[in-house]
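Colleague: Before the terms are discussed, please show the model to which they will be applied.

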Amino acid sequence: SVAIAVFMMLSFSKPEKITLERPEKIWRVKTIPVKFEQISPEVTVYGRVETPRRASLNAAISADLTKINVLEGASVSKGDVLLTLDSSDADLLLNQREADLAEVNALIASEESRYKRDKSLLSNEKLLLTLTEKVVTRAKKLDEARLVTRSSLDEAVANQQRQLVTLKRLQYDVDEHTTRLEGLKARQSGAGAMLQQAKLDVGRTVIRSPFNGRIANLNVSIGDRVRVGDSLLSVYDLDELEVRAQIPSRHLKQVRNGLRQGQTAKAKAVLDGNLLLFELTRLSGETRQDSGGIDGLFSLAGDNHTLALGTFLELSLSLEAQKNVIVVPFNALYGLNRVYRIKNGYLESVKISRVGEFQDSNGQTQLLIRSEVLRENDEVVVTQLPN
């Protein structure tokens with residue numbers, strides 16, 4: 001009892017513990033007020049310059065290369081002579097084809113003359129047949145009167161038969177004139193086609209540019225022996241250059257709607273310090289595997305001669321104007337979809353959706369966001385805090 005009494009007395013007589021309250025740590029941050037605006041968001045896409053009109057010029061004949069008028073990277077106009085092949089073999093073949101055609105023409109002229117001659121002789125042969133028939137008739141009458149020998153009658157009949165055979169042969173030649181003439185004309189047509197082919201081969205010894213363009217690569221040099229189908233050089237059309245860039249899936253609906261309504265999506269890029277303006281002309285017809293969107297094809301609004309095939313470009317694509325969007329710097333974004341607003345001196349996490357990007361008047365790229373939680377004039381933190 002004494003021990004308990006002493007313990008209770010000591011417990012009630014102990015000094016009270018003083019609790020010290022530490023002030024909360026205050027972070028100094030920079031904020032911007034929320035302001036809803038109507039702005040056309042910009043999306044950064046990456047692409048390369050390509051063209052649907054790239055011609056690979058191949059050798060159409062076997063010949064030696066004798067002259068090169070252009071080098072890789074040179075600009076050419078439609079019809080310019082690019083390469084020249086040795087035309088000796090082609091010229092010889094052309095002369096042979098011309099001789100073949102001349103021979104057929106001569107045969108046709110001979111057939112026409114023969115036909116005229118046979119028609120003229122046919123009437124004479126008919127007259128001679130009539131005369132031999134009369135001779136046979138008279139011989140038969142004299143034979144019946146026993147005034148001539150039997151051999152005279154046989155000779156008259158033989159002459160008649162020989163004249164009849166001659167007449168039939170001549171008549172057959174006249175009747176076959178059309179068939180022979182058609183055959184000769186067919187040979188003439190074939191010889192003419194071979195002559196045109198030879199002329200084409202002669203013309204193919206001179207390689208010309210099919211359009212205004214630029215030489216992409218040169219695969220031969222003077223003295224090379226090229227065969228049919230060998231690649232000589234390739235040239236691409238400067239007026240058909242376009243940029244293929246992948247448009248993210250989240251923006252495809254907006255882009256498609258704009259194209260259906262006839263609205264041309266604009267894009268811009270900087271190359272060698274120069275501002276280039278592009279227009280979205282169409283979307284690709286297929287989606288590549290493991291891609292996050294569909295390729296868009298952009299044409300340059302202006303002189304395409306500043307672009308080179310295969311050039312890598314960073315495009316800033318302008319989309320349709322959006323309402324009730326908020327412009328914030330990228331420092332305001334935490335993670336992928338979160339910003340912080342200040343409420344009663346504390347940070348409050350707010351989920352947002354990214355609409356796109358926007359380049360302000362100072363050339364700085366800003367982020368466009370949308371949120372159903374943020375209100376006008378709310379203070380959003382634009383300082384990146386650790387942890």
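Colleague: How much space lies in the largest pocket?

Modeller: About 340 Å³ of space lies in the largest pocket. This is a predicted model, in which local features need pLDDT of at least 70 and side-chain atom pairs count only at pLDDT 80 or more, while totals for chains, interfaces and linings use all residues. Residues are numbered from 1 along each chain as its sequence is written, and side-chain values use heavy atoms, with hydrogens and water left out.

Colleague: What makes a set of points a pocket, and what is its volume?

Modeller: On a 1 Å grid over the protein atoms alone, a pocket is an open set with protein on both sides within 12 Å along at least five of seven lines, whereas a cavity is a set of points where a 1.4 Å probe fits but cannot get out. Lining residues have an atom within 4 Å of a point. Points are joined across faces, edges and corners, and the volume is the space filled by probe spheres set on them.

Colleague: Which residues line the largest pocket, and how do they divide?

Modeller: The lining includes Glu-24, Lys-25, Trp-27, Tyr-346 and Leu-385. It divides into 7 nonpolar, 3 polar and 2 charged residues. Ala, Val, Leu, Ile, Met, Phe, Trp, Tyr, Cys and Pro count as nonpolar, Asp, Glu, Lys and Arg as charged, and the others, Gly among them, as polar; Trp-27 is therefore nonpolar and Glu-24 charged.

Colleague: What is the division in the second largest pocket?

Modeller: That pocket, with about 250 Å³ of space, has a lining of 4 nonpolar, 4 polar and 4 charged residues. The elements that give two or more residues to this lining are β3, β13, β16 and β20 (353-359). Strands (E, at least two residues) and helices (H or I, at least four) are DSSP runs, numbered from the N terminus.

Colleague: Why is Asp-173 called buried, and Arg-114 partly exposed?

Modeller: Buried means under 20% relative accessible area, exposed over 50%, and partly exposed in between (1.4 Å probe, protein chains only). Asp-173 has 18%, so it is buried; Arg-114 has 31%, so it counts as partly exposed.

Colleague: What makes Asp-173 and Arg-114 a salt bridge?

Modeller: A salt bridge is a side-chain nitrogen of Lys or Arg within 4 Å of a carboxyl oxygen of Asp or Glu. The closest N and O atoms of Asp-173 and Arg-114 are 3.8 Å apart, so the pair meets the rule. Asp-173 lies in helix α3 (residues 150-175) and Arg-114 in helix α2 (residues 88-144), so the bridge ties together parts 59 residues apart in sequence. By this rule the count comes to 14 salt bridges.

Colleague: Where do Asp-295 and Arg-244 lie?

Modeller: Asp-295 lies in strand β15 and Arg-244 in strand β12. Their side chains meet in a salt bridge at 3.4 Å, N to O. Asp-295 is buried at 4%, and Arg-244 is partly exposed at 28%. Salt bridges that share partners join Glu-50, Arg-244 and Asp-295 into one network.

Colleague: How many residues has the largest nonpolar core, and what makes it a core?

Modeller: The largest nonpolar core has 27 residues, Phe-278 and Leu-307 being among those with the most contacts inside it. A nonpolar core is a set of buried Ala, Val, Leu, Ile, Met, Phe, Trp, Tyr and Cys residues joined through side-chain atoms within 4.5 Å. Apart from this core lies another, of 19 residues, among them Ala-55 and Val-226.
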